[in-house]
Amino acid sequence: MTSIADIEIPADGTGTGELFEAVPSLTCEMERVIASSGHGLWLSGPSQEDIETALDDASAIGSYTLINSEDDRWLYDIEFEPDTIDIFELILEENGTVLSASASSGTWLLSIRFADRESVSSLYDRFDEAGVTPTIVRLFDLAEETKSQCGLTARQYETLVAAIDHGYFEIPREVSMQELSEELGISHQALSERLRRAYRALVTSELNVSEDETVAPPVPSN
């Protein structure tokens, strides 16, 4: 049964630990896809000069390349030295899929999908053995009960998962709605309607409002 684990991990002792020591105001966000063998990380907070000085000085960083920039943040393709504790590689080795990963104040928060809870336990042990103490913030199974609690039908749930896996929600999008509809074998219009219904179900569930409360009040007449 597929499980989702939200895990906090201190950056200290990992490949990014030295970066947070050098520039404590640093924030990181993992890029889902990048065309290389390294990791794509959006870095922000300090100036670009301070960030690159920290990258140059970090013994755990083997190499880095600036890929993109927007506003006051920069996307780097970063490769760690072979003997570095690479949390992303550990997740990959335990067949986990990183849904999101961000770090600030020296702590990583990762949302990871696993095939079963045994894989979650195995990854926890791997982190612990590596000297990186993880904290499981939330752990839940994507059972039918979970879908119904969120108000999603099975098709809506499967569509949202496919959209996430194909990068539809990334900025910029990695797949268009037309491409995603072709992947799912449905029309563009059907996909649009299914996504809107899924958004509504998730919002009403997460905000804990009833259907009556989501109806806009009438506009008073003059």
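Before the details, a word on conventions. The model is predicted, and local features need pLDDT of at least 70, side-chain atom pairs count only at pLDDT 80 or more, and totals for chains, interfaces and linings use all residues. Residues are numbered from 1 along each chain as its sequence is written, and side-chain values use heavy atoms, with hydrogens and water left out.

Let me start with the chain as a whole. It has 8 helices and 8 strands, where helices (H or I, at least four residues) and strands (E, at least two) are DSSP runs numbered from the N terminus. Of its 222 residues, 39% count as buried; here buried means under 20% relative accessible area, exposed over 50%, and partly exposed in between, with a 1.4 Å probe and protein chains only. If we take contacts, meaning heavy atoms within 4.5 Å, between residues at least 6 apart in sequence, then 59% of them join residues at least 24 apart.

Next, the cavity. On a 1 Å grid over the protein atoms alone, a cavity is a set of points where a 1.4 Å probe fits but cannot get out, and lining residues have an atom within 4 Å of a point. Grid points are joined across faces, edges and corners, and a volume is the space filled by probe spheres set on the points. The count comes to 1 cavity of 30 Å³ or more, and the largest cavity has a volume of about 30 Å³. Its lining consists of T14, G15, T16, F80, I85, D86, I87 and F88, which divide into 4 nonpolar, 3 polar and 1 charged. In that division, Ala, Val, Leu, Ile, Met, Phe, Trp, Tyr, Cys and Pro count as nonpolar, Asp, Glu, Lys and Arg as charged, and the others, Gly among them, as polar.

T14 sits in the loop between β1 (3–10) and α1 (17–22), and with a relative accessible area of 8% it is buried. A polar atom of the T14 side chain lies 2.6 Å from the backbone oxygen of A11. Not counting residues up to four places away in sequence, T14 touches T84, I85, I87 and V132.

Rings of Phe, Tyr and Trp (its six-membered ring) pair if their centres lie within 6.5 Å, and planes under 30 degrees apart count as stacked, over 60 as edge-to-face and the rest as tilted. The structure holds 4 aromatic pairs. In one of them, the rings of F88 and W108 have centres 5.5 Å apart and planes at 90°, so the pair is edge-to-face. Because F88 lies in helix α3 (residues 87–93) and W108 in strand β7 (residues 107–114), this pair ties together parts that are 20 residues apart in sequence. Both F88 and W108 are buried. For Y168 and F169, the ring centres are 5.3 Å apart and the planes at 75°, so this pair is edge-to-face as well. Y168 is buried at 3% relative accessibility, whereas F169, at 37%, counts as partly exposed. Ring pairs link Y168, F169 and Y199 into a cluster.

Now to the end of strand β3, residues 39–44, where S44 is placed. S44 counts as buried at 16% relative accessibility, and a polar contact of 2.5 Å joins its side chain to that of T27; a polar contact is a pair of N or O atoms within 3.5 Å, and within protein one must be able to donate a hydrogen and the other to accept it, while residues adjacent in sequence count only if both atoms are side-chain atoms. Leaving aside neighbours within four places in sequence, S44 is in contact with S25, L26, T27, I51, D72 and R73. G45 is in the loop between β3 and α2 (48–57) and is exposed at 56% relative accessibility.

Finally, the backbone. Most residues other than glycine have a negative phi. D71, however, has a positive phi of about 50° although it is not a glycine; D71 is in the loop between β4 (61–70) and β5 (73–80) and is exposed at 77% relative accessibility. S105 has a positive phi near 55°, lies in the loop between β6 (97–104) and β7, and is exposed at 67% relative accessibility.

Methods. 1 Å grid on protein atoms, 1.4 Å probe; cavity = no way out; pocket = protein on both sides within 12 Å on 5 of 7 lines; lining within 4 Å.
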